[in-house]
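Here are my notes on the model you asked me to look through. Please read them with the structure open beside you.

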Amino acid sequence: MQPSLSTDLSVVTLATVPAPLLALLVGIVTSQIANLATTLYLHRGVSHRAVTFSPGVTLAFRVIVWLTTGIKPREWAAVHRRHHAFSDVEGDPHSPVLLGWVRVQLTNATLYRRAARDGVTVPRYARDLAPDRWDRALFDRGWLGLGIGLVILVLLLGPLWGSVAAATHLLLYLSLSAAINAVTHTFGARPYDNQATNLQWLAWLTGGEGLHNNHHAAPTTARMAHRPGEYDLAWPVIRALRRLGWAQVRHEKPPVRQPARARAGSGAGVGP
Ligand SMILES: [Zn+2]
Ligand SMILES: [Zn+2]
């Protein structure tokens, strides 16, 4: 059987892309997939229950998070919930107000790890997230997930360019995750009265996470864009999944509309 013209064209198109450029593109796409899984599943889903996904979608997210980040959802959620409970005061695991934004930007993964392993944060803030048999067999083995993810990239692109793609993805993912904790607690607009800020340019790169001031004001609201001119790229994904019957949204809009600077504290009353 003759291959179709469109198959021929896509093979030729991919073959003509220089290997370094293809590796960078694959790294960027992998990173964006990881970012979307992080904001949709780890953040809005597991941590805040702002959206609940069907079992099939949940399993897909668990696999993606495992292969692209090696993060244990229970640990991520516990550290993040503690961040909401002590935003920018003593007890916040990664506050730029306490530590300086450069330190949080450069050492975010270490700060996260320290809180996740302190023996207190996970038992206290992730009581509802006991490991199941999938966790025990696979998802709690973060390095195994990352290793399989790397092998997939190496099989696709070869040892050198597969490793370049993996390094590109990890660098982008770590930098952008850190920027949410460091930059959007330091620079940008504060339409709600909390220490977090909104930065639309960062929201474009992080599936809406850059609208962090909105999020701290209404953590259980699935949509992070609250005003005209704000764009949350993960929201259309949630809407599409909801239309298919694969996602349920807790709040689409902030539960209580409040004028700018009228709210004391971050996320009080609507936390996880
Ligand atoms: Zn925050
Ligand atoms: Zn949050």
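1. In helix α6, the buried residues are Val 104, Asn 108, Leu 111, Tyr 112, Ala 115 and Ala 116, where buried means that 20 or more other C-beta atoms lie within 10 Å of a residue's own, exposed means 12 or fewer, and partly exposed lies in between, with the C-beta atoms placed from the backbone. These residues pack against α4 (73–85), α5 (96–99), α7 (121–125) and α10 (159–182); two residues are taken to be in contact if their C-beta atoms, placed from the backbone, lie within 7 Å. Helix α6 covers residues 101–116 and has a kink of about 80° centred on Thr 107, the bend at a residue being the angle between axes fitted to the seven residues ending there and the seven starting there.

2. Please keep in mind that this is a predicted model, in which local features need pLDDT of at least 70 and side-chain atom pairs count only at pLDDT 80 or more, while totals for chains, interfaces and linings use all residues. Residues are numbered from 1 along each chain as its sequence is written, and chains are lettered from A and ligands numbered from 1 in the order in which they are written.

3. The protein chain has 13 helices and two strands, which are DSSP runs numbered from the N terminus (helices: H or I, at least four residues; strands: E, at least two). Of its 272 residues, 43% count as buried, and among contacts with a separation of 6 or more, 68% join residues 24 or more positions apart.

4. The contact includes Leu 22, Val 26 and Ser 31 of α2 together with Trp 161, Thr 168 and Leu 172 of α10.

5. Ala 222, in the loop between α12 (212–217) and α13 (234–243), is buried, with 26 other C-beta atoms within 10 Å. Ala 222 and His 48 are 174 residues apart in sequence, yet their C-alpha atoms are 8.9 Å apart in space. Not counting residues up to four places away in sequence, the residues that Ala 222 touches include Arg 44, Ala 50 and Ile 238.

6. Most residues other than glycine have a negative phi. Arg 49 has a positive phi near 55° and sits in the loop between α2 and β1 (51–53), whereas Asp 88, with a positive phi near 60°, lies in the loop between α4 and α5. Arg 49 counts as partly exposed because it has 16 C-beta neighbours inside 10 Å, and Asp 88 counts as partly exposed with 18.
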